[in-house]
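User: Hi, can you walk me through this one? I'm new to reading structures.

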Amino acid sequence: MLDIIKSDRVKGIIFITASALGFALMSAFVKLAGDLPNFQKVFFRNLVSATVALYLIMKHKGSMTGKKENRKLLIYRSLFGTLGVIFSFYAIDKLVLSDANMINKLSPFLVIILSALFLKEKINAKQIISLVVAFIGSLFIIKPTFSVDLVPYIVAILGALFAGAAYTCLRVLRDKEEYYTIVFFFSVFSLVTTFPAFILVYKSMTWLQLVYLLLAGAFASLGQFGITLAYKYAPAKEISIFDYTNIIFSAILSILLFNQFPDTLSLLGYLIVFIASFYMFLYNKKLDKIEDKD
């Protein structure tokens, strides 16, 4: 058993599953915090992450601001990540928890497009087909009616888009900066840029709401550090499929905490997006074997 755990691939799977659970619990506590301004929730989420990252920087005698040559990319990653969190928190408040998180899981497909546009990575026919299938699956979840009810879904898609842009930046930064430096830079950037709005819209909280927001921040830290460490131990193409356990965790939390059940069309949408993801997972593994032979 210990030999299995020593495997880097298994470590990657453990960390990415822990990350998926962390982000699902973060979403649940954000929703449990109730009718508080979005910027207030975002601020507390990043306050905890910044504190944890600062501790790790001090422990490892790391850098708070990163290398000079990486700073521009760190700013882009932080800007896109901050916008992604703001939009996704809005969607979490307005939608069934599992619906909001499933739409956010479109971000890996958006990374393919963004990497092709900005990193000049080639995109092939099979990747295009998987993108189209995933988009069709998202329509089953969104169920577009072209009414005001559509707004939270559009915001959720924007959240996934900006998350995809942030992950694209992370692909470049991964081997250039320590994980705790990246998280700290992002968290402090988010705190500074959202602080004016946080002060402007601040609403007094109960002690329970404060506890919920601090727990959201703690589990967000688990999610962030978990996914960063997961990709340190194993390539994304080998373990990314396990990130979809987030939807299982979210669906269970939706039912247990909020008595919200995804409808039949949403469940069909989850299945379609998962099939597209699983196909890409198998396709990437096949590519790995071909490259190893070469």
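Analyst: Here is a short tour, one topic at a time. This is a predicted model: local features need pLDDT of at least 70, side-chain atom pairs count only at pLDDT 80 or more, and totals for chains, interfaces and linings use all residues. Residues are numbered from 1 along each chain as its sequence is written, and side-chain values use heavy atoms, with hydrogens and water left out.

User: Where is arginine 45?

Analyst: Arginine 45 sits in helix α3, residues 38-60. Helices here are DSSP runs (H or I, at least four residues), numbered from the N terminus.

User: Is arginine 45 buried or exposed?

Analyst: Buried, because its relative accessibility is 4%. Buried means under 20% relative accessible area, exposed over 50%, and partly exposed in between (1.4 Å probe, protein chains only).

User: What is arginine 45 in contact with?

Analyst: Leaving aside neighbours within four places in sequence, arginine 45 contacts Phe23, Met26, Val85, Phe89, Phe186, Gly217, Ala220 and Gln224. Contact means heavy atoms within 4.5 Å.

User: How do α3 and α9 cross?

Analyst: Helix α9 covers residues 179-201. Its axis and that of α3 come within 7 Å and cross at roughly 150°. Axes are lines fitted to C-alpha atoms, for helices over the stretch in contact, and angles run from 0 to 180 degrees between N-to-C directions. The two helices are therefore roughly antiparallel, a label for angles over 145 degrees.

User: Which residue classes make up the contact of α3 with α9?

Analyst: That contact has 21 nonpolar, eight polar and one charged residues. Ala, Val, Leu, Ile, Met, Phe, Trp, Tyr, Cys and Pro count as nonpolar, Asp, Glu, Lys and Arg as charged, and the others, Gly among them, as polar.

User: New topic. What comes just after α3?

Analyst: Lysine 61, with a positive phi of about 55°. It is a residue other than glycine. Lysine 61 lies in the loop between α3 and α4 (71-94). With a relative accessible area of 74%, lysine 61 is exposed.

User: And where is asparagine 259?

Analyst: In the loop between α12 (245-258) and α13 (264-293). Phi of asparagine 259 is also positive, near 55°. Asparagine 259 is exposed, at 57% relative accessible area.

User: Last one. How far apart are threonine 193 and phenylalanine 43?

Analyst: They are 150 residues apart in sequence and 9.5 Å apart in space, C-alpha to C-alpha. Threonine 193 is in helix α9. At 41% relative accessibility, threonine 193 counts as partly exposed.

Definitions and conventions:
Parallel < 35°, antiparallel > 145°, perpendicular 65-115°, else oblique.
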